[in-house]
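I opened this notebook to keep track of what I looked up, entry by entry. The sequence and structure come first, then my notes.

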Amino acid sequence: MAITVKKVDRNVTMTLWERSYIPEMTRGMIITMKHFVVNLAGLALEVVGGKRHRKIMTIYYPEENPVIPPAYRGRPALVRAENGQEKCVACGLCEVACPPRCISIVGGERENGERYPVSYTLDGSRCIFCGLCEEACPKEAIVMSHDWKNLCEHDRSKMIYDKETLLYPERNLKKRLNVIREKYFNAKLYHKPSEKD
Ligand code: SF4
Ligand code: SF4
C-alpha cells in the first residue's frame with residue numbers, strides 16, 4: 001500500500017469567529033443530537049415492532065449483552081480436554097512470558113509419568129490481557145477466553161484465580177482456538193497437533 005503524507009498547515013490564521021470555537025462546538029452538538037434522535041427513534045420502533053432498529057452500538061447492559069468478536073481477549077482460561085484433564089503440562093513457559101508476572105505454577109507428575117499443574121494461580125488484578133501466555137504455550141493449554149463479565153472486585157484478593165476457576169471445557173473455547181490457529185497458520189508458526197500431542 002502506498003504511503004501518503006498529509007501536510008498540516010501550521011500557519012493557518014483563524015478569524016475571531018473561528019477562535020471562539022462556537023462553530024465547531026455547534027457542529028459537534030449537531031452530530032451528537034443526530035445520533036441521539038436516530039437512536040431514540042430506533043428504540044421506539046423496537047419497542048413497538050420488536051425488531052432491532054438502533055444504528056449505533058449503545059446497549060442496555062445488563063439486560064442486553066454485547067456481541068463478542070471471535071478474536072476478543074477476555075480472562076485467560078486453562079483448557080480442560082474432553083477426558084476431563086487439563087492440557088497444561090506445567091512447563092512454565094507462560095509464567096516466564098507473562099510481563100506483570102501474574103502466573104505461578106507448581107508442577108507435578110502423574111503415575112503414568114505425565115506432567116500436570118498441581119496448582120496454577122493467576123492474579124487477575126495484575127493481568128493486562130496481552131495474550132502472551134497464550135502465544136508462549138506449546139500445548140494450546142491456556143487461551144484468552146471470551147469471559148469479560150465480573151472481572152472487577154472491590155477486594156483484590158478475590159481476583160486471585162486458582163486452577164479450578166481457570167479451567168474451561170475445550171468446547172467452550174473453540175472460537176478463540178480457531179482464531180489463534182488461523183493467526184499462527186498464516187504466520188507459518190502453527191502445525192496441527194499430532195495424536196501424541
Ligand atoms: S494475558 Fe498477559 S498479563 Fe495476563 S496472564 Fe497472560 S501473559 Fe500474563
Ligand atoms: S505454557 Fe501452557 S503447558 Fe506450559 S505451563 Fe503454561 S499453560 Fe501449561
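In which loop does Ala90 lie? I looked, and Ala90 sits in the loop between β1 (76-80) and α3 (93-97). I note here that the model I am reading is predicted.

**Entry: two residues with positive phi**

I checked the backbone of Ala90 and found a positive phi of about 55°, although Ala90 is not a glycine. Most residues other than glycine have a negative phi.

Next I turned to Arg101, which is not a glycine either and has a positive phi of about 55°. I located Arg101 in the loop between α3 and β2. Arg101 has 10 other C-beta atoms within 10 Å, so I put it down as exposed; the cut-off for that is 12 or fewer.

**Entry: helix α2**

How far apart are the end C-alpha atoms of helix α2? I read 40 Å between them. Helix α2 covers residues 22-49, and its 28 residues at 1.5 Å a residue should span 40 Å, so the two values agree.

Just after α2 comes Gly50, for which I noted a positive phi of about 80°.

**Entry: domains**

I looked up how the protein chain is divided, and the assignment gives domain 1 (15-66) and domain 2 (76-186). Taken over C-alpha atoms, the centres of domain 1 and domain 2 are separated by 40 Å.

**Entry: the sheet**

In what order do the strands of the open sheet of 3 strands run? I wrote down β2-β3-β5, with antiparallel pairing. The edge strands are β2 (103-109) and β5 (160-161), each of which pairs on one side only.

I went through the pairings in turn. Between β2 and β3 I found 7 bridges in the antiparallel sense. β2 and β3 form a hairpin with 5 residues between them. In the turn of that hairpin, Gly113 has a positive phi of about 90°.

β3 (residues 115-123) also pairs with β5 in the antiparallel sense, over 2 bridges. I followed Leu122 to both sides. Ile103 stands opposite Leu122 in β3, and in β5 the bridge partner of Leu122 is Tyr161.

**Entry: Glu153**

I placed Glu153 in the loop between β4 (142-144) and β5. Which residues is Glu153 in contact with, leaving aside its neighbours within four places in sequence? I found Lys158 and Met159. Glu153 counts as exposed, because it has 11 C-beta neighbours inside 10 Å and the cut-off is 12 or fewer. I also looked at Gly124, 29 residues from Glu153 along the chain, and the C-alpha atoms of the two are separated by 10.0 Å.

**Entry: ligand 1**

Last, I looked around ligand 1. The residues around ligand 1 number 15, and those that come nearest are Cys98, Cys127, Cys130, Leu132 and Cys133. I sorted the shell around ligand 1 by class and got 14 nonpolar, 1 polar and no charged residues.

Key: Residues are numbered from 1 along each chain as its sequence is written. Chains are lettered from A and ligands numbered from 1 in the order in which they are written. This is a predicted model: local features need pLDDT of at least 70, side-chain atom pairs count only at pLDDT 80 or more; totals for chains, interfaces and linings use all residues. A residue is near a molecule or strand if its C-beta atom, placed from the backbone, lies within 6 Å of it. Ala, Val, Leu, Ile, Met, Phe, Trp, Tyr, Cys and Pro count as nonpolar, Asp, Glu, Lys and Arg as charged, and the others, Gly among them, as polar. Two strands pair if DSSP finds at least two bridges between them. Helices (H or I, at least four residues) and strands (E, at least two) are DSSP runs, numbered from the N terminus. The expected span of a helix is 1.5 Å times one less than its number of residues. A residue is buried if 20 or more other C-beta atoms lie within 10 Å of its own, exposed if 12 or fewer, and partly exposed in between; C-beta atoms are placed from the backbone. Domain bounds come from an automatic or database domain assignment. Two residues are in contact if their C-beta atoms, placed from the backbone, lie within 7 Å.
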